[in-house]
Amino acid sequence: MKNLFVFALIGVLLFSCKPYQATKIRKNQITYENFRADQRLYPSDDGLIKYIDEGSGPVIVLLHGVPTSGWLYRKMIQPLTSAGYRVIIPDMLGYGSSDSPEGFEIYNAENHAKRLLELMNVLGIESWTHVMHDAGGLWTWELMRQDPDKIEKLVVLNTIIYEEGFYPPVRMKPGGVAKTAMWAYRNGVTTNTLLKSLFKQGLKENTLNSLDVEGYKTPLLEGKTHAMYYFYSQTCNVLPDYSDVFENIKIPVSVIWGIHDTMLQWPPQQTRASNALKVNSQDIHFVDEKHFVQETKATEIAYKIIDFLR
């Protein structure tokens, strides 16, 4: 798979100065400005963390990955809250509206998990249903290692489990090249190229319009790349081993997977992952999409989650 950084440099002259070509604006579409206006804030010791907290009832946490944010789940809020659930959607430190302090190990899985546990404690939430995507899986496995009793039920959406099936579009070595790539992403040099490549690989058909893309592009242009640098230059090269966590899973698990995903593939790990997560075959669902299933299958996924919980 092509390295996005190399592709980005090649495509600068072609794409970087062009507006994002996408479909027309949808009626009553959520804007990133309004999404951010609905976010609350938690002042962690490492920086401000923004999060959505809507609805009432049993709690569902929706956890994003890299290089996305809580914006990824915007279309799932209404179906879940209407079904009687309280939805918590954090922007993890370094992503979305949350702070992006300088540092390296501050963005490791241990610290991401610790901050999420702190947020839930401040909110007075003892346990919850947990939904995660992409790198959010690593932060989730670490959270379960630190406090295995918090998550009551688990929903896995195209997330990182094993090296088998993990084909990240970006892998870099720490240092100047990777830092230059991050600089280019946040200074508008290759931002459009990154997003074009990401959604070309991550969606069967890229139907995102300018308002959709704004929620992904704005944080990058605000300089939210320190956490990305850690993930692309560290995590992607050395995946943590969470076998001990899998051995102790004793909660209901559902897998909802975009079966055409090329970045996180289910078939290479299906037997090993199914056995490790102890997931029943009837709780494994495949949807007709690639990686970003929340963009085109939000309602379908929300209903599958509701059915699983009931």
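Predicted model: local features only at pLDDT ≥ 70, side-chain atom pairs only at ≥ 80, totals over all residues.
## Basis

Local features need pLDDT of at least 70 and side-chain atom pairs count only at pLDDT 80 or more, while totals for chains, interfaces and linings use all residues. Residues are numbered from 1 along each chain as its sequence is written, and side-chain values use heavy atoms, without hydrogens and water.

## The sheet

Eight strands form an open sheet in the order 1-2-4-3-5-6-7-8, with mixed pairing. Strands are DSSP E runs of at least two residues, and helices are H or I runs of at least four, numbered from the N terminus. Two strands pair if DSSP finds at least two bridges between them. Strand 1 (40-44) and strand 8 (284-287) are at the edges with a single partner strand each, so one side of each has no neighbour in the sheet.

## Around strand 6

Strand 6 (151-159) runs parallel to strand 5, joined by seven bridges. Thr129 has Lys153 of strand 6 as its bridge partner. Four bridges pair strand 6 with strand 7, again in the parallel sense. There, Leu157 stands opposite Ile256.

## The core

The largest nonpolar core has 103 residues. Such a core is a set of buried Ala, Val, Leu, Ile, Met, Phe, Trp, Tyr and Cys residues joined through side-chain atoms within 4.5 Å. Trp141, Ile161, Phe231 and Ile305 touch the most other members. Helix 13 gives the largest share, seven residues.

Methods
Contact = heavy atoms within 4.5 Å. Axes fitted to C-alpha atoms, helices over the stretch in contact; angles between N-to-C directions. Buried < 20%, exposed > 50% of the residue type's maximum accessible area, 1.4 Å probe, protein only.
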